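Thank you all for coming; today I would like to walk slowly through one protein model with you. Please have a look at it first, and then we will go through a few of its features together.

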Amino acid sequence: MDYVSILIAIAILGCIGAIFGVILGIASKKFHVETDERVERVRECLGGANCGACGFSGCDAFAAAVVAGEAKPNGCPPGGAAAAERIGEILGVSVEYSEKKVATLLCLGTRAVAKDRYAYEGLSSCRAAAGLAGGPKQCVYSCIGLGDCVTKCSFGAIKISNGIAEIDTQKCGGCGACVEACPRSAIELLPISANTVVKCRNKDVGRAAVAVCMMACIGCKRCEKECETDAIKVVDGSARIDYTKCTRCGKCAAVCPRKCIEYR
């Protein structure tokens, strides 16, 4: 074996490596970009889910945009008011933050009360099922319950229970990914203080509504007449609550004959 040739080859490789090392060192200094240390501090304040609720590709991008003045300090729903306040302190600015909103399912159509149109045996996807003759449930406003929202949730706040989505508001980050995922628009972001919720959006009235779901709102307007602050109105056959007027008294829930208004 020619040891001299081997040593020469090793030496040449070593020299090439050293040359490239010097070149890379010079390039790193020449093209070095100074980063604002506030970016990392802002990043530490965020929810960390990379959910995209802020409108950016992830928490890193949002943090950089906030420091650059391209995004509002209160733009992270999962971080909430606490994150907004800390970011304001880092940037030396005053930050206003409205009440946190959480995902809420507006449907009570479990297997026991919602009537089926047919037995669905296709893809385990709400969107796919909704495209097949309007979906397996007769109520076209109901939660289909195949878990598209579960897949999209970055916080593990949703599970399917008894044929409909069940949302843990304590885990919910308020990102709205589940709202976008639901083909029936059966999930909405509501103020976290909203302890009175109309859990039905069926626009049919009377017998027509009950014909598809035993818990459906029938548009009787008893809740509307009972409300002392004019916070609840029956619109297009179903009751809707204006939370800027609602006092969270629960009187509307008490008079609902269908028990589709939840008071918690």
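Into how many nonpolar, polar and charged residues does the lining of the largest pocket divide? The lining divides into six nonpolar, five polar and three charged residues, where Ala, Val, Leu, Ile, Met, Phe, Trp, Tyr, Cys and Pro count as nonpolar, Asp, Glu, Lys and Arg as charged, and the others, Gly among them, as polar.

Residues are numbered from 1 along each chain as its sequence is written, and side-chain values use heavy atoms, with hydrogens and water left out.

The score pLDDT is the predictor's confidence in each residue, from 0 to 100. For the protein chain the mean pLDDT is 90, and 94% of the residues reach 70 or more. Where pLDDT is low, the predicted coordinates should not be read in detail.

Let us return to the pockets. On a 1 Å grid over the protein atoms alone, a pocket is an open set of points with protein on both sides within 12 Å along at least five of seven lines, whereas a cavity is a set of points where a 1.4 Å probe fits but cannot get out, and lining residues have an atom within 4 Å of a point. Grid points are joined across faces, edges and corners, and a volume is the space filled by probe spheres set on the points. The largest pocket holds about 250 Å³ of space, and of the 14 residues that line this pocket, Arg111, Asp116, Pro136, Lys137 and Ile144 lie nearest its centre.

The second largest pocket holds about 200 Å³, and of its 13 lining residues the closest to the centre are Leu105, Ala165, Glu166, Ile167 and Lys199. Strands β1 (101–105) and β3 (164–167) each supply at least two residues of this lining, and the largest share, four residues, comes from β3. By type, the lining of the second largest pocket divides into six nonpolar, three polar and four charged residues.

Now to the cysteines. A disulfide is a covalent bond between the sulfur atoms of two cysteines, and here a pair of cysteine sulfur atoms counts as one if they lie within 2.5 Å. The structure holds zero disulfides. Cys59 is in none, and its nearest cysteine sulfur, that of Cys76, is 6.1 Å away. The C-alpha atoms of Cys76 and Cys59, which are 17 residues apart along the chain, are separated by 8.8 Å. Cys76 is found in the loop between α3 and α4 (80–91). Cys59 counts as buried at 8% relative accessibility, and so does Cys76 at 9%, where buried means under 20% relative accessible area, exposed means over 50%, and partly exposed is in between, with a 1.4 Å probe and protein chains only.

Cys182 is buried, with a relative accessible area of 15%.

What about aromatic rings? A search of the whole structure finds one aromatic pair. Because the rings of Phe56 and Phe62 have their planes at 55°, with their centres 6.0 Å apart, the pair is tilted; rings of Phe, Tyr and Trp (its six-membered ring) pair if their centres lie within 6.5 Å, and planes under 30 degrees apart count as stacked, over 60 as edge-to-face and the rest as tilted. Phe56 is partly exposed, at 28%, whereas Phe62 is buried, at 2%.

Finally, a word on the backbone. Most residues other than glycine have a negative phi, and most peptide bonds are trans. Asn162, in the loop between β2 (158–161) and β3, is not a glycine and yet has a positive phi of about 55°.

Conventions. Predicted model: local features only at pLDDT ≥ 70, side-chain atom pairs only at ≥ 80, totals over all residues.
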